[in-house]
Amino acid sequence: MRIDVVSIFPEYLAPLELSLVGKARTSGLLDLRVHDLRDWTTDRHRTVDDTPFGGGAGMVMRPDVWGTALDQLLDEDAHLLVPTPSGEPFTQRTAEALADEEHLVLACGRYEGIDARVAEHYRSRGRVTEFSLGDYVLNGGEVAALVVVEAVARLLPGVVGNPESLVEESHGAAGLLEYPVYTKPPAWEGLDVPEVLLSGHHARIARWRRDTALERTAARRPDLIAAMPVDELDRHDLSL
Ligand SMILES: Nc1cc(-c2ccc3cc[nH]c3c2)n[nH]1
């Protein structure tokens, strides 16, 4: 998979040289290229923004500079991803779908955002997804790009050492939150590890983990339970 990330702060993406994503790049599993949007400017000051039509505070990123950059980076099978507070939610399902694609291009905005005509223009030429990480406002799209690259890269075959660990995870196939995990020592600060986990009884351990995941999900994310298909609820012995 190839991922291009365009930003006026390319150094923000430096953490993607580390750990699993860094190894995926070195091994060739992931072809990740980070670009400075200002490399596509033509004026002496390398200007990427201007004042907003209609007035208001802040600056807006110019469509022409983005257009020059994206015309160069987007090929016919590329999927343009634009982080924005007004986008559709980015979820594990989104990551799973993106992990099957050949080429992603992440356009990281700053200031008050990117001129709306950029997404509009490229929608007429290929796939564009404006997405949000959640209902809070960041100062730019770079943090969202870090999240997307990590969430997608870890799903690529060969990136995570033990693919089993991708099966049982939060918001995984069961759509439940993860159960709590424990390791040695068995007692710490007067707190013990749940007995069942020391029993070696795999069926009971599996049941405890599923029940605890359900309890956590019902308590912290009732929306996930409400969104669960009826046959899934039945599978978890849940009836609403
Ligand atoms: N979920 C979420 C995305 C953002 C975001 C994304 C891009 C830009 C550009 C300027 N401000 C931005 C904020 N905030 N929160």
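A residue is counted as near a molecule when one of its heavy atoms lies within 4 Å of it.

The structure is a predicted model, in which local features need pLDDT of at least 70 and side-chain atom pairs count only at pLDDT 80 or more, while totals for chains, interfaces and linings use all residues. Residues are numbered from 1 along each chain as its sequence is written, and side-chain values use heavy atoms, with hydrogens and water left out.

Let me turn to the ligand. Around the ligand are 15 residues, and those that come nearest are Tyr-111, Ser-132, Leu-133, Tyr-136 and Leu-138. By type, the shell holds seven nonpolar residues, seven polar and one charged; here Ala, Val, Leu, Ile, Met, Phe, Trp, Tyr, Cys and Pro count as nonpolar, Asp, Glu, Lys and Arg as charged, and the others, Gly among them, as polar.

For Leu-138, a polar backbone atom is 2.9 Å from a ligand nitrogen, and for Ser-132 a side-chain N or O atom is 3.2 Å from one. Of the 360 Å² of accessible area that the ligand has on its own (Shrake-Rupley method, 1.4 Å probe), the protein covers 94%.

Finally, the chain as a whole. Of its 240 residues, 41% count as buried, meaning under 20% relative accessible area with a 1.4 Å probe and protein chains only. The C-alpha trace spans about 70 × 40 × 40 Å along its principal axes.

Methods
A polar contact is a pair of N or O atoms within 3.5 Å; within protein, one must be able to donate a hydrogen and the other to accept it, and residues adjacent in sequence count only if both atoms are side-chain atoms. Buried means under 20% relative accessible area, exposed over 50%, partly exposed in between (1.4 Å probe, protein chains only).
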